[in-house]
Amino acid sequence: MHKFLGYILSPIFYFFFFLTLVIFQPIQWICYKFFGYKAHKVSVDLLNFFLSYCDLFLLSSISFNNDQHLPIDRPIIFVANHQSMYDIPALIWFLRKHHVKFISKIELTKGIPSISFNLKYGGGANIDRKDSKQAISEIIKLGRRMKENTWSTMIFPEGTRSKDGKLKTFHVGGIATLLKVVPDALIVPIAIDNSWKLVQYGSYPLSAAEKLSWTVLKPIEPKGKNPEDVVAEAEHAIRARLNQPVTA
């Protein structure tokens with residue numbers, strides 16, 4: 001039934017999803033060029049509100065659970081599992097007060113309406129995966145911006161999306177680099193569930209009537225811990241939430 005409905009509803013979803021991207025491209029440009037960061041951020045927040053709720057055209061439910069009292073006067077490194085590109089809009093919208101930035105492939109800064117513009121001018125880190133020196137330099141610059149502006153960063157430490165929802169082992173590198181620059185940043189794990197099911201049949205049809213959820217978990221204080229232990233703690237928390245076994 002999920003696949004059958006997907007054949008019918010996917011064109012409707014894609015129409016409104018890409019229409020939203022096209023509409024917000026000039027809106028972002030105007031906000032950024034004439035009114036600066038704050039206006040641009042508002043436009044990005046609204047963009048991701050509409051992108052998030054495009055999932056309703058697939059009859060999919062959206063549940064963002066955040067019972068944590070997170071500070072807004074302290075940088076945060078959000079650590080999440082990654083299941084599909086549809087993970088991201090809800091993270092930006094529901095965590096908007098934390099000014100969440102992303103570490104993205106530099107290739108994504110061109111060719112995608114709205115998304116490329118935001119990645120290029122929104123304050124995140126755009127890295128060349130073939131150039132480790134450039135990647136580390138960009139992450140360090142991002143850490144400095146976090147420190148100066150009390151921004152936060154979202155990291156997907158699996159390194160790639162999980163096509164079946166099963167967590168891959170978390171990598172330490174990006175988080176360790178950020179903690180060197182922003183040692184007082186709070187670590188906050190987020191468990192994402194069922195987003196992978198949207199694309200389990202590929203880009204068409206998308207799977208319909210899925211229950212999508214994002215859950216903000218208990219923060220981890222990194223002070224006095226090495227990065228490896230912090231990342232392992234975040235990974236274990238996410239695995240526990242998703243009922244997935246801890247890897248050796």
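**Ground rules.** I am working with a predicted model, where local features need pLDDT of at least 70 and side-chain atom pairs count only at pLDDT 80 or more, while totals for chains, interfaces and linings use all residues. I number residues from 1 along each chain as its sequence is written, and my side-chain values use heavy atoms, with hydrogens and water left out.

**Helix 1.** I took helices (H or I, at least four residues) and strands (E, at least two) as DSSP runs, numbered from the N terminus. Helix 1 covers 2–35, and I found a bend of about 45 degrees at I8, with a proline, P11, following within four residues. For that bend I used the angle between axes fitted to the seven residues ending there and the seven starting there. Just after helix 1, G36 has a positive phi of about 85 degrees.

I then listed the buried residues of helix 1, among them G6, L9, F13, F17, Q28 and C31. Buried means under 20% relative accessible area, exposed over 50%, and partly exposed in between (1.4 Å probe, protein chains only). These buried residues pack against helix 2 and helix 4; contact here means heavy atoms within 4.5 Å.

**Cores.** My core search joined buried Ala, Val, Leu, Ile, Met, Phe, Trp, Tyr and Cys residues through side-chain atoms within 4.5 Å. The largest nonpolar core came out at 35 residues, and those with the most contacts inside it are F13, F78, L91, L95, M154 and I190. Elements that each supply at least two of its residues include helix 1, helix 3 (88–94), strand 6 (186–193) and strand 7 (211–216). Helix 1 gives the largest share, six residues. I also noted a second, separate core of 27 residues, which includes V79, A125, L142 and I187.

Which residues does L91 contact, leaving aside neighbours within four places in sequence? I got F64, F102, M154, F156, I190, I192 and W214.

**Strands.** I counted two strands as paired if DSSP finds at least two bridges between them. Strand 3 pairs in the parallel sense with strand 5 over three bridges, and V100 has S152 as its bridge partner. Strand 3 and strand 4 (residues 125–127) also pair in the parallel sense over three bridges, with S104 opposite N126. Strand 3, helix 4 (residues 115–121) and strand 4 form a right-handed β-α-β unit: with the strands pointing away from the viewer, the path from the first strand over the helix to the second runs clockwise.

Is S152 buried or exposed? S152 counts as buried because its relative accessibility is 1%. S152 sits in strand 5 (residues 152–155), and beyond four places in sequence I found it in contact with P75, I76, F78, H98, H99, V100, K101 and M146.

S60 lies in the loop between helix 2 and strand 1 (61–66). S60 also counts as buried, because its relative accessibility is 1%. Not counting residues up to four places away in sequence, S60 touches D55, L198, S207, A208, A209, E210 and L212.
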